[in-house]
Amino acid sequence: MSVQERKERERAGRERLIVATARELAEQQGWDAVTTRRLAERIEYSQPVLYSHFRGKREIIGAVALEGAAEMAAALRAATRGTAQGPRERVAALARAYLDFAERNPAVYDAMFQLDGGLAFAAEDTPEPLKDAFAALLESLGEVAGDGVHPGLFTELFWASLHGLATLTRARRLPPEYTESRVELLVDRLAMA
């Protein structure tokens with residue numbers, strides 16, 4: 001291995017450590033607790049080393065969001081995989097997996113959809129992990145959009161509904177014990193209409 005390859009591997013390792021540490025700290029104490037000083041202390045590197053990887057917290061949030069988008073896409077695909085399932089079961093599994101991801105990873109979910117990570121959505125320069133997360137939704141929802149309904153628009157509407165449920169439940173605006181009933185109603189009224 002060349003010196004350059006070793007340096008690149010070490011740099012990538014430091015970036016992964018910074019992102020993992022930021023994510024862990026955010027999940028434990030919230031995003032307000034994630035500061036460059038705290039991250040530098042936790043990873044045992046100086047702040048200038050941290051800044052050599054990320055220009056600041058915004059870029060770190062963006063990196064966490066991209067990692068989370070890839071994980072969400074994988075979770076959604078895993079939930080809907082299976083040839084025995086019909087469209088209704090796939091859509092319900094997709095909705096449950098989405099809400100479960102949001103509940104299990106609140107700081108990552110915030111990085112993806114609530115905080116400014118400097119990432120473009122719904123644009124030509126949208127990063128690939130974000131496009132892939134949307135594609136994971138579209139794969140199951142496109143087939144149930146209905147005649148004359150644009151699959152992408154239907155997916156946006158369903159996604160917005162899931163996001164609202166996730167956000168309102170987490171904020172304790174909706175009682176969590178009715179989550180399954182909400183999923184069933186959403187699937188029956190929107191996806192199976």
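Predicted model: local features only at pLDDT ≥ 70, side-chain atom pairs only at ≥ 80, totals over all residues.
Arg88 belongs to helix α5 and Glu184 to helix α9, so the pair ties together parts that are 96 residues apart in sequence. Glu184 is partly exposed too, at 25%. Both residues sit in a network of salt bridges that also takes in Arg96, Glu180 and Asp188.

The structure holds 16 salt bridges, so let's visit one more pair. Glu67 and Arg23 meet through their side chains at 2.7 Å, N to O. Here helix α4 supplies Glu67 and helix α1 supplies Arg23, so parts 44 residues apart in sequence are tied together. Arg23 is buried, with a relative accessible area of 13%, while Glu67 is partly exposed at 32%.

The largest core has 51 residues, and Trp31, Leu76, Tyr98, Leu141 and Phe158 touch the most other members. Helices that each supply at least two residues of this core include α1, α4, α5 and α8. Beyond its neighbours within four places in sequence, Leu141 is in contact with Val91, Leu94, Phe154, Thr155 and Phe158.

Phe154, Thr155 and Phe158 are among the buried residues of α8, along with Gly152, Leu162, Leu165 and Ala166. Seen down the helix axis, the buried residues of α8 fall within an arc of 155 degrees, so they line one face of the helix. Their cover includes α5, α6, α7 and α9. Just after α8, Arg172 takes a positive phi of about 60 degrees.

Terms used
Residues numbered from 1 in each chain as written. Heavy atoms only, no water. Core = buried A, V, L, I, M, F, W, Y, C linked by side-chain atoms within 4.5 Å. Buried < 20%, exposed > 50% of the residue type's maximum accessible area, 1.4 Å probe, protein only. Helix = DSSP H or I, 4+ residues; strand = E, 2+ residues; numbered from the N terminus. Contact = heavy atoms within 4.5 Å. Arc of directions from axis to C-beta. Salt bridge = Lys/Arg side-chain N within 4 Å of Asp/Glu carboxyl O.
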